[in-house]
Amino acid sequence: MTVGERAPGIGARRPAEGRSRPAGQVEGTDPVAPPELPRPGPPDEPVALRDLVARLEAAYPTVDAVTVEAAVRAAYDSFHRARIRAYIPILAERRSRRALDAACRAAHDEATGDGGAIAPGPAKGW
């Protein structure tokens, strides 16, 4: 800066020489392109999902393996835009268990014809 130039105000930024962009546009982005999808999760995520399918198949022996896999895949796919991937296997397990519980309940109600009435459980000796 020479003596004849005015200094920019406090907090003001001068544009770099030869560069200009519209106000509000972030460098390196295309305003027309869709937002970038998050990168795939950690490399152990598929292993965690396979383990989840195996656990749920053991927990729900009356449910077909294809149904269990479909429930896990649907739950996992619902988090495809999540930016923080660390908790997705846990969240997918919870969502899968809820879906499988509901499917088991519906199948039980249909088979017994009780219309959703819950049978009393065993007496608990406290």
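The buried residues of helix α2 pack against α1 (45–59) and α3 (88–112). Here, helices (H or I, at least four residues) and strands (E, at least two) are DSSP runs numbered from the N terminus, and buried means under 20% relative accessible area, exposed over 50%, and partly exposed in between (1.4 Å probe, protein chains only). This is a predicted model, in which local features need pLDDT of at least 70, side-chain atom pairs count only at pLDDT 80 or more, and totals for chains, interfaces and linings use all residues. Residues are numbered from 1 along each chain as its sequence is written, and side-chain values use heavy atoms, with hydrogens and water left out.

**The chain as a whole**

- The protein chain has three helices and zero strands, and from the N terminus its elements run α-α-α.
- Of its 126 residues, 15% count as buried.
- Taking contacts (heavy atoms within 4.5 Å) between residues at least 6 apart in sequence, 51% join residues at least 24 apart.

**Helix α1**

- Helix α1 has 15 residues and reaches 21 Å from its first C-alpha to its last, close to the 21 Å expected at 1.5 Å a residue; the expected span is 1.5 Å times one less than the number of residues.
- Its buried residues are Glu 45, Leu 49, Leu 52, Val 53 and Leu 56.
- These cover an arc of only 100° around the axis, which puts them on the same side of α1; the arc is that of the directions from the helix axis to the C-beta atoms.
- On the other side of α1, Arg 50 and Ala 58 are exposed.
- The buried residues of α1 pack against α2 and α3.

**Helix α2**

- Helix α2 covers residues 65–77, and its 13 residues should span 18 Å at 1.5 Å a residue, which agrees with the 18 Å between its end C-alpha atoms.
- Buried in α2 are Val 68, Ala 71, Val 72, Ala 75 and Tyr 76.
- Seen down the axis, the buried residues of α2 fall within an arc of 130°, so they line one face of the helix.

**Glu 93 in helix α3**

- Glu 93 lies in α3 and is buried, with a relative accessible area of 18%.
- Apart from neighbours within four places in sequence, Glu 93 is in contact with Leu 52 and Arg 55.
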